[in-house]
Every structure is written in structure tokens, then in C-alpha cells.
Amino acid sequence: MKRRQLLVAAIGLAAASPLALAQSFAGKTVTIIVGYKPGGGYDATARLLARHLPKHIPGGPTVIVQNMPGANSVIAANHMYNVAKADGLTIGTFNRNLPIAQLTRVEGVKFDMNKFAWIGSAANESTILAIRSDLPYMTFEELRHAKEPVVIGSTGPGANTHDFPLLLKDLVGLNFKIVSGYSSSADIMLAVERKEVDGRAGSYTSLRPFIDRKLVRPIVRARSTEPGIDQLPVDENFAPTPRAKAIMALRSTPELIARPYVMPPGTPAEIVKAMRDAFARAIQDPQLIAEGKKSKMELEFTSGEQAQKVLHDVFSQPKDIVEEFSKYIKFGE
Amino acid sequence: MLDALWEGLLLILQWKPFAFMLVGVLVGFWVGLLPGIGGATTLALMLPFIYTMQPVEAFAFLLGMHSVVATTGDITSILFGVPGEATTAAIILDGHAMAKRGEAGRALGAALTASLIGALIGAAALALAVPIVRPLVLTFGSPELFMLAIVGLAFIASLSAQGARGMVRGFLAGGLGLLLAMVGQDPQAGVGRFTLDTLYLWQGLDLVPVLVGLFAIPEIIDLAVRGTSIAGDVPTGHIRRGALEGVKDVFRHPFLTVRCALIGTFIGITPGLGGAVAQWMAYGHATQSARNAEERKGFGAGDVRGVIGPGAACNSKEGGALIPTIAFGVPGSTSMAILLGGFFLLGLVPGPDMLTKHLSLTFSLVWTIVLANLITVAVCVLLLNHLAGLTNVAGHRLIPAILVLVFIGSFTSNSNYADLVVTLVFGAVGYLMVLAGWPRAPLVLGLVLGKIAENYLYISVARYGAGWLTRPVVLVLLAIAVAVVCYPVIQAWRGRHRAKHA
């Protein structure tokens, strides 16, 4: 431990000037640890960033992506917190719901989200609920007064496909029948197509092609938003009690920092600052924007300070709200 | 439509797409050979390269790579008994047994020819299915998918040894497989099951380390214990011949090849069942072709039909798997999900348009599968007899190399040391099962189908109550499942009957 502290101190000294900062990255390899297997959104975002970050980090290091899947990325977060060196050469990105996992005391969590050196978030995510276009309900009000139960497909507890409609059903009283166990959101989409289910919740990004194709119609969204769905009603506004509203808000808060990027606790402040600047610039990089547009990934940087404020919102909830919340929401995905 | 078919071929035969396809084939070739590194991971790694390509070039590259992975995966499986891919484990049972008998060349020849024919049939099915794709896929709702999983499980009957004792052992092993599939967080209540308080098991057992342990470790122990080469005392000259014989074998069993290829295509088209299932169902079906008890015993000991079956299925499913991806924008597997990302990158929106406006591009995909496989098999056939020579290398030289491959292969699935533990544990289980004469195939089938069966059963009941039981396709599938279970029993009875009268 002593050696590690010394090392950190030494790096801190060395990193004091911009020139020294460049030296601490030049010729080095920065590894982005992703808490999922290749093929998903977290991985794709990290790989897009890895291609464009080197230009913007002083000293122009090589940036590579390493996948460390397992336990909905708790394994990767534990690694970042307990094992990875705080020398700026390891960056971690993981499940946005890990703050919820920590809040609800999920077993196996060995990190404190507040103590990570936060670079920030590379994107936010907007959850919406969409139903088949051939159903008679055009608006939220109409859906709310549906006589027949509306069947909503879900992948399982802990995913936004499940939790978002669950709160609408239990707290707002929508006439939903939630059927869970589909292997992926794509799988639910197919069930929508064959009319096995009437709709699903999910990120706007993943639902957009099907909305454009007029297979489904968006009805309601959570608080986090993006262009194209601004006009949709927000679930929280239909909450019957302040308590219900707090629970719905708590569920959607992590979506404001949907692609979290952190460095190990104790990373020297200069390095954290350099990395925040690098992320901010890379995400503004026209080349990255062009590539992102092609693959339907729109990145938006939320700085570390801002991310920590969002965390504060999560962790400052009164105990009774947290208890109530954990009755509905299980950590997962 | 014929125009589009022709146009698709011309598209792919332009020099740039063709060159990109060759590069893809080259990459896929190696990825397939190395155990553990799957096609999906490689696709994800290669995706950035397509930014600057035209759609035809990009798909020639990606699909060329993807469609040969399973082909060369067979080679590792047959030669060393190490599954080159999770989708090529079934071929080990008879393929590696043949290699041990000194018939590696023949097994490789049969496997590659079967997989070529499988790929051709799968591609043809893809082309033919274009007009009826949507109703076809939409017929299969959750209840039907559940029953398909049951039909898959029914094949345990064929994968077990004959007689009451064999059956009981087979179904017990299958039951163990189903139990193993329950490990991890359940998707209905989010409760952790059998996770042994470890984070590693939250998401269930990964198929690759289990398969590698179950099949590779017992072979390695066997090789070490025998102290010879894989092919034992069979002289080199003999081993280095035989590839042609394997090619001929496929044409000696034309109907089996076609039937298994169709099984593969069908499983491929059905999103949600996954590639690991097709090979086992095809293998189970191949064992049904045994005419008497004597022949049935040959399966697992190196019957070439046990190589042809899974060989034909494992590549035909690729053509099928493209169908839901293209027609609905709904991927059937991780690889297809990544390929779908490729579509978006290129500004294409998969969906009904792909079957009308972009039909020639769709057909160029079909042609890519066909051409990539033709090229791979042609190259392999030239190398086959040399590859077969590896089974003549002394065990003590081979084992270190195989062990490295085995452990690296398992480790790459999660980059977690627990992957190695799983490999070793299942290695021990596999070795004990081999010693005691318990079949391993049912265990794998249970593991592969367990989650699918559980989820779709839950969804069926939650959505339709008991009503799902009366759906016509469900009833048909139920009848097929019963027939599959009864078939070996009838077969055995007929065998005895004939013996009595002879």
C-alpha cells in the first residue's frame, strides 16, 4: 500500500506541469475497461472514443479497449476500485445503474461510487415507452384509460425495459401486463411484430428505427430527453404522490450519466483534469461526430463535476424512499 | 427476382468487394481455428474498418469472415478434440474418434464437404425464403419456440446409449444440463440462483469454458495416459491419405447431408434458439440413421455420419440466421447484432426494404456466404492431409501446445480467472463421465436449451394462460417431440425383431 501511495505521489509531482503531463502519457497505453462483452452500446461507445481520444490526450498515448464482463459489470467496477492503478492509464466504463446497486446494498459491491475519480459521462440515455401503431391509444391519457390490459414485453428486472413500465403500472396505475424473460430488446421487438406483445420500453436510440418505420408509436418518456422526444409527456408528472414521484425520479436519475467513465480513486487531480478535457474535446471532434452519426450513436459529454452532482442526487435520498424503491427495482442488466 | 439474384452475384464479383471478402476469409480462417475467440468478438473488432467502405464491400468483408469461422472451427474440433468454436463441439464426438483411429483426413474431408454443402443449402434457403420470410418468422411465437426447445431436448433420446440403462443415464445427464442452465440471475424475479455467492456466476455459466472443459480436457488426459500420438500407432503414410475418401462419404449419404443442412437452416431462421443448438439436433438426427443396434454403437466411436450431420448443420444456419436480421432488423445472435450495427453504419435500415428496394444487396450477402465457403473449403482440401499429419505428432510435444490453446480459449470468454476454474471443473466432470460411460452430449443439450425453454415457457404462460397449448404449431411440434423420443425405442425393437427372424 505504501508503495502505491508513493507511486501516486510521484506521478502527482511529475504531472504538475503540462510538459510533464505529456511525458506521463507519451508512448504509454491507456486501457479502457468495459464491463460488458463486445457487441453492446457500452462497448461500441468505448471503441468509438478509443479511436479518437489519442489526439486529444497530451502526449498522444495509444488507447485500447479491454472487455471485463460479468455480474452486470460489478466485476469491472470492483476491479477499477480495488485493483487498477491510479496512474491515469486505466479508465473504466460500466453499467449506469451501479449507483443504484450501491444504494440498495447489492451483495458483491466493493466500491464507493463517490470516491472514483470521475471523468464524466459520454452520453445520456432517454427511456421511452412505445406501443404498436395499430392500437387505438394515441396519447398517454387514452392509454391510461385502456379497458383491456396492454401487454408489455420485458427482458427482466433491472433493465429499463422492465422497470420503467413497472413503475407506470404500480405507481400510476396503468393497465399493463408485463411479460418478462425475452432474451434481448430485439427479441421483444419481434414479439411486437407478431403481436404477441403490445409494446415495450427502452432507449429512444434502440426504438427509433421502429418508430420511423411506423411499427410502434412513442407514448411517454422518462425525465432524461433528447431532440425528437421533447414533446412526449414525462412519467413523473403523472405520479399521484410525492413519494411515487421520488421513486420514479430515482429510477431515471442514472440515465443522465448513461455512459459513465471513471478512473481509480486517488488519481492525481492534474491527470483527471487532463482526461476530462480530452473527453470533452474528443466528443466535440467532427470526425467522431460523423462516425457516431453513422452508427446512430450521439455522444454528449457530461463533466465529472456534473456527474458527481447526479450521484449526490442518488445518494441523498431519505432512507424510507430507498426502502420503498428497492421493493420495486432490482439491480440488473 | 432472378435479375436481383444475378445482380447480387455481379456485385460481389467486382474486384474490390471480392478482395475484401478474401481478407475477411483469411481473418475468419484463423479465428475459427483458435478455440475460444469467437466470431462475435472478431466482428466487433473489425467493425471500425468498414467506415470507409461501400455497403457491398463491407458485407463481403464481415460476412466473408463470419461465414468461415464455423468451417475452420471444425478442424480444431476434429484434430484435437478441442472445440474450435462453441458451435462446433458436436463434431468432436465422432470426428475426434476418427482422428484417434488414424482417419483424421477422412473426417476433415467429410466435415468440410458437408459444411460446404450445408452452406450452399442454407444460402439457397435464404434466397428461396425471401418472398415468404415475414409470415414464416412470425408464425413462431414464444409457445412455438418453447416447443422447439422441447423437440431439441427430445433428441436426448437419440444422443443416449441404447437400452433402458442408456436412456436413463442420457436423461439424467440432460437434467443436470438443465439445472446448470438455471445458474445465474433469473429473468423473472431477478433472484440469483446457484451463484455460490460469487459475482462470476451472476450471468450464468459461459458456454465456451464448459464445452472446452467437458470435451478437451478428457482428450488431453487420454492422450497423456496413452503416451502416444493422437492417432496411436497408425503409420504416417496411412494418415496422410483419406481426405478424398471423406469427400466421397458425404456423397454416400446425400439425404442425411441435406436433412441436417435443413435442420441447421431452420434453427438459424428461428431467432432466439442460437447456433449452439443446431449442431446437437443434427447430430441427434444423424444417430437416428443407424439401421440397427450394432451401427448405433458405432456413433461416438467414429461413425462418419456423426461428422457429416453437425458439419452440414453448422454452416447452413448462417444463411438462415441472416433472415430475421435482414427482414425485421431483429438479430438472432450476438454476431448478427453486430452485423446489424454494420447496416446502420452504412446508412441502411434493415427491414422490409431489404427484401424489395435493396434486394440485390441482400442477394450479394447470399453469394458472399457461398463464395467464402467455396474458397475456404478449396484451400482446406489442399491442406487437409498435411493437417491430418498433426495427429501423428507425439503426444508429449502436442499436449503443451493444446493446453495453452485450451486455457487461453477459455480465458478469453470473460477475461476472468474463474473461467479457468470452470474449465477444470468441467474437465473433471467430463473425464468422469467418459470413464463411467455417461454421455456428455445430453448434458450440453440441456445446458444450451435450458434457459430458452425456461424463458419461453414463462412467457407463454404469462401471455396466453393455458391457451398456448392448443395452438396448432405447438401440437405439431409436440407430436414431433414424442416421435423423436420414441424413435430409438422402436428402432431397438425392430432390430431385435429382425434378429429373431434372421
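## The open sheet of chain A

In this predicted model, five strands of chain A form an open sheet of 5 strands in the order S7-S6-S8-S5-S9, with mixed pairing. Helices (H or I, at least four residues) and strands (E, at least two) are DSSP runs numbered from the N terminus, and two strands pair if DSSP finds at least two bridges between them. Strand S7 (176-180) and strand S9 (216-221) of chain A are at the edges; each has a single partner strand, so one side of each lacks a neighbour in the sheet. From one strand to the next, the twist averages 35°.

Inside the sheet, strand S6 (residues 150-154) and strand S8 (residues 199-203) of chain A run parallel and are joined by 2 bridges. Here Gly153(A) stands opposite Arg200(A) in S8(A). Helix H9 (residues 204-212) of chain A packs on the sheet, touching strand S5 (127-132), S8 and S9 of chain A, and its direction makes about 130° with that of S8(A). Axes are lines fitted to C-alpha atoms, for helices over the stretch in contact, with angles from 0 to 180 degrees between N-to-C directions; two residues are in contact if their C-beta atoms, placed from the backbone, lie within 7 Å.

## A covered strand in chain A

Now to strand S4 (residues 117-121) of chain A, which is mostly covered, with 5 of its 5 residues buried. A residue is buried if 20 or more other C-beta atoms lie within 10 Å of its own, exposed if 12 or fewer, and partly exposed in between, with C-beta atoms placed from the backbone.

S4(A) runs antiparallel to strand S10 (residues 260-263) of chain A, with 4 bridges between them, and Ala117(A) faces Met263(A) in S10(A) as its opposite. Strand S11 (residues 302-303) of chain A is also antiparallel to S4(A), joined by 2 bridges; there Ser121(A) stands opposite Thr302(A).

## Where chain B meets chain A

The contact takes 41 residues from chain B and 41 residues from chain A. On the side of chain B that touches chain A, H18(B) gives the largest share, 6 residues.

## Val68 of chain B

Val68(B) lies in helix H4 (residues 55-80) of chain B. This residue is buried because 32 other C-beta atoms are within 10 Å. Leaving aside neighbours within four places in sequence, its contacts include Val25(B), Phe29(B) and Ala372(B).

## Reading the numbering and the model

Residues are numbered from 1 along each chain as its sequence is written, while chains are lettered from A and ligands numbered from 1 in the order in which they are written. As this is a predicted model, local features need pLDDT of at least 70 and side-chain atom pairs count only at pLDDT 80 or more, whereas totals for chains, interfaces and linings use all residues.
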